[in-house]
Amino acid sequence: MERLGTGIGWRPEIADAVEAMPGIDWVEAVAENVCPGHLPESLLRLRERGVTVVPHGVSLGLGGADRPDAGRLLALAERAEALGSPLVTEHIAFVRAGGPLTASPRLEAGHLLPVPRTRDALDVLCENIRIAQDALPVPLAVENIAALVAWPGEEMTEGQFLYDLADRTGVRLLIDVANLHTNHVNRGEDPAEALAELPLEAIAYVHVAGGFERDGVWHDSHAHPVPRPVLDILTDLASRVSPPGVLLERDENFPEPAELEGELAAVREAVEKGAGTRAGGAWRATGSGEPSGVPTEPARQRLALAQTALLSALVAGTPVPEGFDRVRLGVQARALAGKRADVVAKVAPELPVILGAGYRPAFLAYAQGAPMTGGYRRDALDFAEHLLLGGELRDARARRQLREWWLERSGPAPRSRRPGIRLARATRKVLLRR
């Protein structure tokens, strides 16, 4: 596996700081936020300096019941080629459910949700990963995720699940030590036991990130400093294997560059501390990438029903499936709604400006009865439409501004570029009469 070294997650907000940081060997960019035909100048400059750029996908849903979407795979492949990347990465998670397999509406989580560690889920995941591997021009590595909830009736530990996955498919692993800590706090899982079971030689690289604890629940925020327990897990991992790369993730609440450089120094120190003795090295993938012969359609059907029931409980208020912790599911549901409000505010920053302090409570109230069925931009439009059609928004000035914002963005082209605009939808006719 290619040696990557020490890296940091590239984000537009810290692009200048990343370029100026000493000792950065590589960066990781969220794949969905990069356009192959219009790469950010900062990434182009980093590439010219010989800094490796790895696209990190968040929307494939490889752990979902459906086969990977060909369009999403093509988009990920295009980003890998545009960036000259040696590999691409995604998550062992599901992000949507419903649809034809369940004859129910499609639901979007807007977040990475855990797959059950069962043989059904493993069979489906293995086939989905083989499909992705065949469609991508470079190797694929998949990441273990953090979880607030645990599936009932699981048949394997995380380490066993990941070992079998790598063994059957030959896929590389992106091990997030912060997620191992999250699962330790939230699910009582021992990070050392997970590391002992992992196929360490399959590791492509390692993620390190911060979070916070509230009411006994660890939130993997990527917006706080890396805590000592996460660095200790990194040291444990580095005592077992030399990780090809280690990357610091930070997605928001960005500190001054000096603080980020200090965190990177702590990451390097944790790796060096664990480098004294290393075990492992004998594992070799036996997976050929060929189908195993196990029919996955029945497994997909069972997994689809289970994932749809869970996601519906989280985002649509349907009954909690049997065996799940109701309190913990409530925490997860609130976290999903909060993240949804935050991301909509980022993709449509005019909405918090127009609505002021009322934006967040209004959005959370809307989200309770309106699950997300498309992307975040569609969600922003639907939220605005909901406010305009309802009677909650009484401020005439805010209503006028929101209507103009909605009309400008709801058509196939900006309203300012559509001479003789005709609003065909009944909803728009209603809005124009108000």
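Leaving aside its neighbours within four places in sequence, which residues is Thr308 in contact with? They are Ala97, Gly98, Thr102 and Ser104, where contact means heavy atoms within 4.5 Å. The model is a predicted one, in which local features need pLDDT of at least 70 and side-chain atom pairs count only at pLDDT 80 or more, while totals for chains, interfaces and linings use all residues. Residues are numbered from 1 along each chain as its sequence is written, and side-chain values use heavy atoms, with hydrogens and water left out.

The protein chain has 16 helices and twelve strands. Of the 434 residues of the protein chain, 53% count as buried. Buried means under 20% relative accessible area, exposed means over 50%, and partly exposed is in between, using a 1.4 Å probe and protein chains only. The protein chain exposes about 19200 Å², and carbon and sulfur atoms supply 52% of that area. Accessible areas come from the Shrake-Rupley method with a 1.4 Å probe, and for residues only the protein chains shown count as cover. Among contacts between residues at least 6 apart in sequence, 75% join residues at least 24 apart.

Thr308 is found in helix α10, residues 297-315. With a relative accessible area of 11%, Thr308 is buried. A polar atom of its side chain lies 2.9 Å from the backbone nitrogen of Gly98. The 19 residues of α10 should span 27 Å at 1.5 Å a residue, and the end C-alpha atoms are 26 Å apart, which agrees; the expected span is 1.5 Å times one less than the number of residues. The buried residues of α10 include Leu303, Gln307, Leu311 and Val315. An α-helix has 3.6 residues a turn, so residues three or four places apart point the same way. The buried residues of α10 pack against β5, β6, α4 (119-135), α11 (326-347) and α13 (359-369). Just after α10, Gly317 takes a positive phi of about 75°.

Strand β5 (residues 94-99) is mostly covered, with six of its six residues buried. β5 pairs with strand β6 (residues 104-113) in the antiparallel sense over four bridges, and two strands pair if DSSP finds at least two bridges between them. The two strands form a hairpin with four residues between them. Ala103 sits in the loop between β5 and β6 and has a phi near 55°, a positive value in a residue other than glycine. Most residues other than glycine have a negative phi. Ala103 is exposed, with a relative accessible area of 75%.

The side chains of Glu108 and Arg96 make a polar contact at 3.1 Å. A polar contact is a pair of N or O atoms within 3.5 Å; within protein, one must be able to donate a hydrogen and the other to accept it, and residues adjacent in sequence count only if both atoms are side-chain atoms. Glu108 counts as buried at 15% relative accessibility. Leaving aside neighbours within four places in sequence, Glu108 is in contact with residues including Leu311, Val315 and Met372. Both Leu311 and Val315 are among the buried residues of α10.

Glu154 is placed between β7 (140-143) and α5 (158-169) and counts as partly exposed at 26% relative accessibility. A polar atom of the Glu154 side chain lies 3.1 Å from the backbone nitrogen of Arg117. Glu154 and Val115 are 39 residues apart in sequence and 9.9 Å apart in space, C-alpha to C-alpha.

The nonpolar interior remains. A nonpolar core is a set of buried Ala, Val, Leu, Ile, Met, Phe, Trp, Tyr and Cys residues joined through side-chain atoms within 4.5 Å. The largest one has 71 residues, and those with the most contacts inside it are Val27 and Val208. Helix α8 (residues 228-240) gives the most to this core, with six residues. A second, separate core of 26 residues includes Ala341, Met372, Trp405 and Leu407.
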